[in-house]
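Thanks for coming, everyone. Let me put the structure up, and then we will walk through a few places in it.

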Amino acid sequence: MKDDIIRRFSMYFPSIHKRAVEMHYNKYMTLFVRTDDGQAFIYDDLDHCIRKLPDNKDEMTEDEFKREFAHRLRRLMRVKGVTQEILAERTELSQAAISRYISGSRIPNLYAIDKIARALR
């Protein structure tokens, strides 16, 4: 499986693959890639997409956090087969609120994050 993911990564993102100096696969069908200039990326084989990781992982901006949270929530919902409507029902949050979290336009408060985590367990 690891070889297949690396092959697809090289097919979809050849320029980044050529510059890769470090790659680590994990069981969640993602591949961590570091390039020769020190940039770090995560390739998501489920969606065949790539995203650049923040330069300083300990100091994400609010926008970077919104994007990262939205991406992880969308991915987890997809893996679990949960729609926005189902998640809204399980969490008792509005479907509009779930939509804003998934789009990255809003960050949920801790209470909402707890509800989402329990619903997607």
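Glu92 sits in the loop between helix 4 (84-91) and helix 5 (95-103). Helices here are DSSP runs of H or I with at least four residues, strands are runs of E with at least two, and both are numbered from the N terminus. Glu92 has a phi near 60°, a positive value in a residue other than glycine. Is Glu92 buried or exposed? Glu92 is exposed, at a relative accessible area of 69%. Exposed means over 50% relative accessible area, buried means under 20%, and partly exposed is in between, with a 1.4 Å probe and protein chains only.

A word on what you are looking at. This is a predicted model, where local features need pLDDT of at least 70 and side-chain atom pairs count only at pLDDT 80 or more, while totals for chains, interfaces and linings use all residues. Residues are numbered from 1 along each chain as its sequence is written, and side-chain values use heavy atoms, with hydrogens and water left out.

Next, another positive phi. His48 is in the loop between strand 3 and strand 4. Phi of His48 is near 50°, and His48 is a residue other than glycine. His48 is partly exposed, with 32% relative accessibility.

Strands count as paired if DSSP finds at least two bridges between them. Cys49 in strand 4 is the bridge partner of Asp44. Tyr43 stands opposite Ile50 in strand 4.

Now look at the other neighbour. Strand 2 and strand 3 also pair antiparallel, over five bridges. Phe32 stands opposite Ile42 in strand 3. Strand 2 and strand 3 form a hairpin too, with four residues between them. In that turn, Gly38 has a positive phi of about 90°.

So what about strand 3 itself? Five of its five residues are buried. Both faces are covered. Ala40, Ile42 and Asp44 are on one side, and Phe41 and Tyr43 are on the other.

Stay with Asp44 for a moment. Asp44 lies in strand 3 and is buried, at 0% relative accessibility. Which side chains does the side chain of Asp44 contact? One is His71, in a polar contact of 3.4 Å. Another is Arg75, in a polar contact of 2.6 Å. A polar contact is a pair of N or O atoms within 3.5 Å; within protein, one must be able to donate a hydrogen and the other to accept it, and residues adjacent in sequence count only if both atoms are side-chain atoms.

On to the rings. How many aromatic pairs does the structure hold? There are four. Rings of Phe, Tyr and Trp (its six-membered ring) pair if their centres lie within 6.5 Å; planes under 30 degrees apart are stacked, over 60 edge-to-face, and the rest tilted.

Take Phe9 and Phe13. Their ring centres are 6.2 Å apart and their planes are at 35°, so this pair is tilted. Phe9 is buried, with a relative accessible area of 0%. Phe13 and Tyr43 have ring centres 5.9 Å apart and planes at 70°, so this pair is edge-to-face. Phe13 is in the loop between helix 1 (2-12) and helix 2 (14-19), and Tyr43 is in strand 3 (residues 40-44), so the pair ties together parts that are 30 residues apart in sequence. Tyr43 is buried, at 0% relative accessibility. Ring pairs make a cluster of Phe9, Phe13 and Tyr43.

Last stop, the largest pocket. It holds about 610 Å³ of space. A pocket is an open set of points on a 1 Å grid over the protein atoms alone, where a 1.4 Å probe fits, with protein on both sides within 12 Å along at least five of seven lines; lining residues have an atom within 4 Å of a point. Of the 24 lining residues, Thr30, Ile42, Arg51, Glu68 and Arg72 are the closest to the centre. Which element gives the largest share of the lining? Helix 3 does, with six residues.

Definitions and conventions:
Points joined across faces, edges and corners; volume = space filled by probe spheres on them.
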